[in-house]
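Please look over the sequence and the model below. A short briefing follows, grouped by topic.

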Amino acid sequence: MIIYLLLSETHAGSNGEDKMDDRLPYNEIIDVCLLAGKIMLQNGAETSRVEDTMVRIAAAFGCGESHSFSTPTGIIFSLDGMHPASKLIRVSQRSTDLHKVTLVNSISRSISNKEMSPEEAYIRLKQIEKAGMGYPMWVQVFAAFIASGCFLIMFQGQWSDFIWSCIAGAMGFSCLLYLHWLLEVRFFAEFIASLVVGLVAMFFVQIGVGSNLDTIIIGAVMPLVPGLLITNAARDLIAGHLVSGLSKGADAGLTALAIGAGISAAFVFL
Amino acid sequence: MIAQLITSFIASAAFGVIFNVPKNSLFQCGFVGMLGWILYFALVENEINSIIATLASAFIVAVISQYFAKRYKTPITIFNVSGIIPLVPGGLSYDAMKHFVGNDFYVAVQLAAKVFMLAGAIAMGLIFAEVMNQLVTKYNRRKVRLRS
């Protein structure tokens, strides 16, 4: 409600005072908007949030009429009014870092509250873009380790298999991280990671320490599941962003297929 | 049941770490995931169809995520993702895959169809929650407007 009021106020303001319009730093505003959108899109925000944030930042800086079109691979942003201008930005690398999304979100909130100038916002956004916000590698692998074991219990596995599922899950996940860093082809990384999960689980069952192969594999494969893609695809489709929703859905489907293929390939070795 | 509560909490929070969720939101992530999973688990234990159970838990997860997102002023995705993860039909898709590999296509296609139904149920749960959220905000906005 407050934001709605703000939007309508700034809009009225920019229409009423055309003289002021000339002094607005249009290029900087576009740069700030695009940078904010780029960081969000690269780190796993849903499309509607990206577009909404960009339009709101522009409105807070006094450009009431702006348009943003974003797909998973690029953003087009344009300002209307006295000085129409458009810019395109290409997003080629995507990862998952929701902390950065949260930070950009709070910056956009303080811009909306008029607490930040375009230059200041740009510097802050650049800092966020460069910073390595994520948890350290070993913490992530440890999280995958614990999650695998917990999923084993949730899927009615035995406690005696707990540690084996943990180890298989951690090995699969570290394999995924390594291959993501090494290769450009994401699906191949997921394929190999789930193959490793399957082989490690089979090894444990073969040497007699693990008892139930199925539950060990299901638990250990869970850290590879493209959960963020699935939820984002659903949310984008709900919000009517058909292009992004469908392409993210296809991405999630392909990832799931790669994981399935990896596990099936492991069964061939059995 | 207690083991389920604890493991689902830890698993959801661990997924938060994998997705690089901010540290101070991890607890809420675990909580959302735990609630969704326990609802699902209890419904399935009482022999309710797993599709309905998934739909109901996805709905609850999304509603609580919306509450948390408003309360802590963070993007809703953070809570949604961790809550949805336990509901993903990993076991069923594994079974389907196993039957595909074993050339048992009749069973495999049946299982795959069920996986699609469950995935659809998750999406429908999210949609219902979103619709309800919009209705509530519209209603509140109208009340504010009438007062002023």
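A residue is buried if 20 or more other C-beta atoms lie within 10 Å of its own, exposed if 12 or fewer, and partly exposed in between, with C-beta atoms placed from the backbone. B:Lys73 has 11 other C-beta atoms within 10 Å, so B:Lys73 is exposed. This is a predicted model: local features need pLDDT of at least 70, side-chain atom pairs count only at pLDDT 80 or more, and totals for chains, interfaces and linings use all residues. Residues are numbered from 1 along each chain as its sequence is written, while chains are lettered from A and ligands numbered from 1 in the order in which they are written.

**Chain A overall**

- Chain A has 12 helices and three strands. Helices (H or I, at least four residues) and strands (E, at least two) are DSSP runs, numbered from the N terminus.
- The C-alpha atoms of chain A fill a box of roughly 80 × 35 × 30 Å along the principal axes.
- Chain A has 270 residues, and 51% of them count as buried.
- Two residues are in contact if their C-beta atoms, placed from the backbone, lie within 7 Å. Take the contacts in chain A between residues at least 6 apart in sequence: 67% of these join residues at least 24 apart.

**Confidence in chain A**

- pLDDT is the predictor's confidence in each residue, from 0 to 100. Its mean for chain A is 85, and 91% of the residues reach 70 or more.
- Residues 1-20 of chain A have a pLDDT below 50. Beyond near neighbours in sequence, this stretch has 19 contacts in the model.
- Where pLDDT is low, the predicted coordinates should not be read in detail.

**Two domains in chain A**

- Chain A is divided into domain 1 (2-130) and domain 2 (137-269). Such bounds come from an automatic or database domain assignment.
- The C-alpha centres of domain 1 and domain 2 of chain A are 36 Å apart.
- Seven residues from domain 1 of chain A and 10 residues from domain 2 of chain A make the contact.
- On the side of domain 1 of chain A that touches domain 2 of chain A, one residue is nonpolar, five are polar and one is charged. Here Ala, Val, Leu, Ile, Met, Phe, Trp, Tyr, Cys and Pro count as nonpolar, Asp, Glu, Lys and Arg as charged, and the others, Gly among them, as polar.

**The sheet in chain A**

- Three strands of chain A form an open sheet in the order 1-2-3, with antiparallel pairing. Two strands pair if DSSP finds at least two bridges between them.
- Strand 1 (66-71) and strand 3 of chain A stand at the edges with a single partner strand each, so one side of each is left without a neighbour in the sheet.
- From one strand to the next, the twist averages 10 degrees. Axes are lines fitted to C-alpha atoms, for helices over the stretch in contact, and angles run from 0 to 180 degrees between N-to-C directions.
- Helix 3 (residues 26-42) of chain A packs on the sheet and touches strand 1, strand 2 and strand 3 of chain A. The direction of helix 3 of chain A makes about 155 degrees with that of strand 2 of chain A.
- Strand 2 (residues 74-79) of chain A pairs with strand 3 of chain A over six bridges. In strand 3 of chain A, A:Ser86 is the bridge partner of A:Ser78, and A:Arg90 is the bridge partner of A:Gly74.
- Strand 2 and strand 3 of chain A form a hairpin with five residues between them. In the turn, A:Gly81 has a positive phi of about 100 degrees.
- Strand 3 (residues 85-90) of chain A lies largely in the open because zero of its six residues are buried.

**A covered helix**

- Seven of the nine residues of helix 10 (residues 213-221) of chain A are buried. Among them are A:Ile216, A:Ile217 and A:Ile218.
- The cover on these buried residues includes helix 7, helix 8, helix 9 and helix 12 of chain A, together with helix 5 of chain B.

**Where the chains meet**

- 43 residues of chain A are in contact with 38 residues of chain B.
- Helix 1 of chain B gives the most to the side of chain B that touches chain A, with 10 residues.
- That side of chain B has 26 nonpolar, 10 polar and two charged residues.

**Single residues in chain B**

- B:Lys73 lies in the loop between helix 3 and helix 4 of chain B. Its phi is near 55 degrees, a positive value in a residue other than glycine.
- B:Asn20 also has a phi near 55 degrees. B:Asn20 has 22 C-beta neighbours inside 10 Å, so B:Asn20 counts as buried.
- B:Ser65 is in helix 3 (residues 50-72) of chain B. B:Ser65 counts as buried because 28 C-beta neighbours lie inside 10 Å.
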